[in-house]
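Subject: Structure handover

Hello,

Here is the structure I promised to pass on. Please look it over first, then read my notes below.

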Amino acid sequence: MAEETIFSKIIRREIPSDIVYQDDVLTAFRDVNPQAPTHILIVPNHVIPTVSDVTADDEMVLGKIFTVAAKLAEQEGIAAGGYRLIVNCGADAGQEVYHLHVHLLGGRPLGPMLHRSG
Ligand code: 5GP
């Protein structure tokens with residue numbers, strides 16, 4: 001059984017957060033430290049620590065993330081202008097919370113995908 005993070009408490013509504021979508025398999029809530037006017041995290045309700053831990057059983061819920069992302073982008077008014085989905089996996093990607101999540105970012109031009117490192 002994978003270890004829980006703070007996201008499980010958010011999903012169970014044990015700690016406050018700005019939840020913008022929830023169903024039986026997914027929860028989406030605003031990032032506490034937004035990097036763009038819209039910054040929402042879309043999270044499976046069950047713990048999958050990283051992309052490397054994904055199994056075939058997760059395919060339905062992970063696919064649904066895209067449906068929900070598109071719906072939320074529409075609701076947020078960023079669908080026409082464009083937006084970015086990001087998934088960090090592991091230390092080199094800077095993953096901080098080991099409960100797989102997709103960042104939905106938009107509301108301003110987001111610039112190049114990666115900083116140039118040299
Ligand atoms: P990662 O770097 O793991 O891809 O992203 C983790 C994200 O979770 C960060 O953008 C961070 O601001 C956000 N985050 C961490 N703790 C909390 C929290 O308690 N509540 C909310 N809403 N976001 C959080």
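Helices (H or I, at least four residues) and strands (E, at least two) are DSSP runs, numbered from the N terminus. By that rule, aspartate 24 is found in the loop between E1 and E2.

Two notes on the source. This is a predicted model, where local features need pLDDT of at least 70, side-chain atom pairs count only at pLDDT 80 or more, and totals for chains, interfaces and linings use all residues. Residues are numbered from 1 along each chain as its sequence is written, and side-chain values use heavy atoms, with hydrogens and water left out.

The ligand

Start with the ligand. It is surrounded by 16 residues, and the closest are Arg30, Asp31, Glu96, His101 and His103. A residue is near a molecule if one of its heavy atoms lies within 4 Å of it. By class, the shell holds seven nonpolar, six polar and three charged residues. Here Ala, Val, Leu, Ile, Met, Phe, Trp, Tyr, Cys and Pro count as nonpolar, Asp, Glu, Lys and Arg as charged, and the others, Gly among them, as polar.

Which elements supply the shell? Helix H1 (6–11) and strand E2 (26–30) each give at least two residues. The largest share, three residues, comes from H1.

The ligand sits in the largest pocket. A pocket is found on a 1 Å grid over the protein atoms alone, as an open set of points where a 1.4 Å probe fits, with protein on both sides within 12 Å along at least five of seven lines. To sit there, a molecule needs more than half of its atoms within 2 Å of the pocket's grid points.

An oxygen atom of the ligand is 2.7 Å from a polar backbone atom of glutamate 96. For valine 97, a polar backbone atom is 3.0 Å from a ligand oxygen. The protein covers 84% of the 520 Å² of accessible area that the ligand has on its own. Accessible areas come from the Shrake-Rupley method with a 1.4 Å probe.

Single residues

For residues, buried means under 20% relative accessible area, exposed over 50%, and partly exposed in between (1.4 Å probe, protein chains only).

Back to aspartate 24. It counts as exposed, at 68% relative accessibility. Its C-alpha atom is 9.8 Å from that of valine 61, 37 residues apart along the chain.

Arginine 13 lies in the loop between H1 and strand E1 (19–22). It has a positive phi of about 60 degrees although it is not a glycine. Arginine 13 is exposed, at 54%.

Is threonine 50 buried or exposed? It counts as buried, at 9% relative accessibility. Its place is in the loop between strand E3 (38–44) and helix H2 (59–76). Threonine 50 and glutamine 95 are 45 residues apart in sequence and 8.7 Å apart in space, C-alpha to C-alpha.

Isoleucine 6 is in helix H1. It counts as partly exposed, at 48%. Its C-alpha is 8.8 Å from that of histidine 99, 93 residues apart along the chain.

Tyrosine 98 lies in the loop between strand E4 (83–86) and strand E5 (102–106). It is partly exposed, at 36% relative accessibility.

Best regards

Technical notes:
Polar contact = N/O pair within 3.5 Å; in protein donor to acceptor, adjacent residues only side chain to side chain. 1 Å grid on protein atoms, 1.4 Å probe; cavity = no way out; pocket = protein on both sides within 12 Å on 5 of 7 lines; lining within 4 Å.
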